[in-house]
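Hi,

Here is the structure I promised to pass on. Have a look at it first, and then read my notes below.

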Amino acid sequence: LRKRSKIGGKGQYSMRTHNINNVLVLNSGSSSLKFVILDMESQLNLVRGSVSKIGEPSAALLKIDGKQNSNITANNHSQAFDAILPVLNDYKFDVIGHRVVHGGEKYSTAVLVDSDVIKDLEQLNKLAPLHNPPNISGIKTTRLLYPNLPNVAVFDTAFHSTIPKEAYLYGLPLELYQRHGIRRYGFHGLSHYFVYQEMVKHCEHTNQEVPSKVVSIHLGNGCSATAILNGKVIDTSMGFTPLEGLLMGTRSGDIDPSIIFYLLENGYTQNQIINILQKQSGVLGISGQSNDIKEITDKYNTSERAKLSIDIYAYRIKKYIGAYTAALGGVSAVIFTGGVGQNSSLIRELVCSNMNSFGIRIDSGMNTKFEGGIKIVSSDKCKVFVVETNEELVIARKCVELIEK
């Protein structure tokens, strides 16, 4: 890593004189490094890029603004940072925001990173072993490269910090929560927060009543549903880990825990079972073809297994909407977001079919191709929104709020 020169002192900055114009947002995943630099006046991207397949046998891929620039060597995240540095050096930015998957119970809001925060985050590695370590690696790297710039951690679990005990505790001995922190944490919080806020702004701008009982559904390769009452989360489908809840691209979602014991008794190893539940299940496992929802929905009318996988996928979402309607005491809005939620009119149609008793009715004429932003696709008392998510913008805004506070 090439350390950038300091501008003065010991690499510290003044909170009082730190004006935020541009924000670098980093999402350092287990085998990828994604970045975007945002102009906070226009709130538009100046540049975005990614390095994928980090540490894999094949060459890593560097993409800038959606174009594959080159195959590179990136055996670790440090080498990945070296690959994107020439791009970053062409831009000025004033703060670096990091997506951190797990903030535990301690961090329910964005925080300015120092050595104590890093120690706290490292203690959470056991709760998110695939995600938090690379998140922390990204923080450490940018603190070294840009010692004069503030680093801010923004947590995917934070929006869910309002979930009450009756919803976040499992039916296990309470000592397991007290000793080991075993509870529902929830994920995709940045996305659920963003689309909820966009819905509120849309309603206020169009002089409509803001829905108070909302079910937000994020559908991508990972999927989750969240119940929001008057702006606060009261329940969410992902739990102690992102494995619980809805059927996903390769993840099983909810299962009977005894299945795990049964597989162990029949000769499967722990690692094999983990691999089955995390990487071989969901739409991929049922369809036997792919975890790409678009590819499978395209075969909905021609492949029996593809249809079965999508029907199960949609049914699970429908069931959670029903459960959360009970928890909320009604439902006044449903939000679809994420790559699948935004782009698949078939999924939205299947999920919302036969839900007239809830006031949920999809308008086929409105439930067409989504062009971005926000759109209403319903024709009954419960509004069904399609909202384009933007987790990077949430992170950038949280950085500005924290630094300028």
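Arg183 lies over the face of Tyr185, with 4.9 Å to the ring centre. Arg183 also sits over the face of Tyr168, and there the figure is 3.6 Å. Keep in mind that this is a predicted model.

Phe93 comes from the loop between α1 (77-88) and β6 (95-100), while Tyr146 comes from the loop between α3 (132-145) and β8 (151-155), so the pair ties together parts that are 53 residues apart in sequence. Both Phe93 and Tyr146 are buried.

Tyr107 and Phe155 make a stacked pair, because their planes are at 15 degrees, with the ring centres 5.3 Å apart. This pair links distant parts of the chain too: Tyr107 is in the loop between β6 and β7 (111-112) and Phe155 is in strand β8, 48 residues apart. Tyr107 and Phe155 are both buried.

Now the cores. The largest nonpolar core has 57 residues, and Leu121, Ile217, Leu219, Tyr313, Ile321 and Ile360 have the most contacts inside it. Helix α11 (residues 304-328) gives the most to this core, with 9 residues. If you click on Leu219, you'll find that residues it touches include Leu246, Tyr313, Ile317, Phe336 and Ile347. There is also a second, separate core of 37 residues, with Val23, Val25, Leu190 and Ile395 among them.

Cheers

Definitions and conventions
Residues are numbered from 1 along each chain as its sequence is written. This is a predicted model: local features need pLDDT of at least 70, side-chain atom pairs count only at pLDDT 80 or more; totals for chains, interfaces and linings use all residues. Side-chain values use heavy atoms; hydrogens and water are left out. Helices (H or I, at least four residues) and strands (E, at least two) are DSSP runs, numbered from the N terminus. Buried means under 20% relative accessible area, exposed over 50%, partly exposed in between (1.4 Å probe, protein chains only). Rings of Phe, Tyr and Trp (its six-membered ring) pair if their centres lie within 6.5 Å; planes under 30 degrees apart count as stacked, over 60 as edge-to-face and the rest as tilted. A charge sits over a ring if NZ of Lys or CZ of Arg is within 6 Å of the ring centre and within 35 degrees of the ring normal. A nonpolar core is a set of buried Ala, Val, Leu, Ile, Met, Phe, Trp, Tyr and Cys residues joined through side-chain atoms within 4.5 Å. Contact means heavy atoms within 4.5 Å. Lists of a residue's contacts leave out its neighbours within four places in sequence.
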